[in-house]
Amino acid sequence: MNGQHDRTPNRALLRELASLLASESWVENTTVFPANRPDSIVVSLEQQYYPRKYVSEAYIEVQSYTNGDFHISYVEDQHGEKWLCRWDRHDSEDYTRDHFHAPPEARHEDGENREYPTSLWTVISQVVAPWVYERMGAVWDEFST
């Protein structure tokens with residue numbers, strides 16, 4: 001493998017996900033296929049759930065492909081420093097098809113094998129969203145001590 005993937009973005013699914021996520025109370029807005037990320041939706045999270053002094057922005061970027069692969073990245077901008085992690089489904093020489101790249105850098109070597117539900121929506125609603133809720137609480141705890 002040369003590091004390149006032959007896959008097609010699942011634009012219909014991404015539009016549907018953006019529509020579903022837009023009504024969530026923890027979501028500030030969704031951007032579908034922004035110019036700088038044309039294969040993604042970007043879900044900006046409500047700032048009120050983060051201590052502004054420490055987190056200037058938090059968002060989730062979702063990429064989905066017609067072959068079932070996906071990447072879901074959670075990113076906090078801590079005033080210039082990125083704190084991130086990523087849920088992936090794709091073939092890998094080092095991990096199972098479903099795997100997670102742990103924070104704070106989501107490096108390749110930070111990967112952990114996982115098993116996710118089949119549907120991407122279920123992954124977001126039952127895996128990612130609960131993780132984000134816990135992270136929101138952890139950020140307050142982390143920065144209030």
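**View 1. Y74, W83, W87, F100 and W131 form a cluster joined by ring pairs.** Rings of Phe, Tyr and Trp (for Trp, the six-membered ring) pair if their centres lie within 6.5 Å; planes under 30 degrees apart are stacked, those over 60 are edge-to-face and the rest are tilted. By this rule the count comes to eight aromatic pairs. This is a predicted model, where local features need pLDDT of at least 70 and side-chain atom pairs count only at pLDDT 80 or more, while totals for chains, interfaces and linings use all residues. Residues are numbered from 1 along each chain as its sequence is written, and side-chain values use heavy atoms, with hydrogens and water left out.

**View 2. Y54 meets F143 in a stacked pair.** Their ring centres are 4.1 Å apart with the planes at 10 degrees, so the pair counts as stacked. Y54 sits in the loop between strand 2 (41-45) and strand 3 (57-64), and F143 in helix 2 (residues 120-144), so the pair ties together parts that are 89 residues apart in sequence. Helices (H or I, at least four residues) and strands (E, at least two) are DSSP runs, numbered from the N terminus. Y54 is partly exposed at 28% relative accessibility, and F143 is partly exposed at 22%; buried means under 20%, exposed over 50%, and partly exposed in between (1.4 Å probe, protein chains only).

**View 3. Y74 and W83 make an edge-to-face pair.** Here the centres are 6.2 Å apart and the planes stand at 90 degrees. Y74 is buried, at 0%, and W83 is buried too, at 14%.

**View 4. R135 lies over the face of W83.** The distance to the ring centre is 3.6 Å. A charge sits over a ring if NZ of Lys or CZ of Arg is within 6 Å of the ring centre and within 35 degrees of the ring normal. Likewise, the charged end of R7 sits over the ring of Y65, 4.2 Å from its centre.
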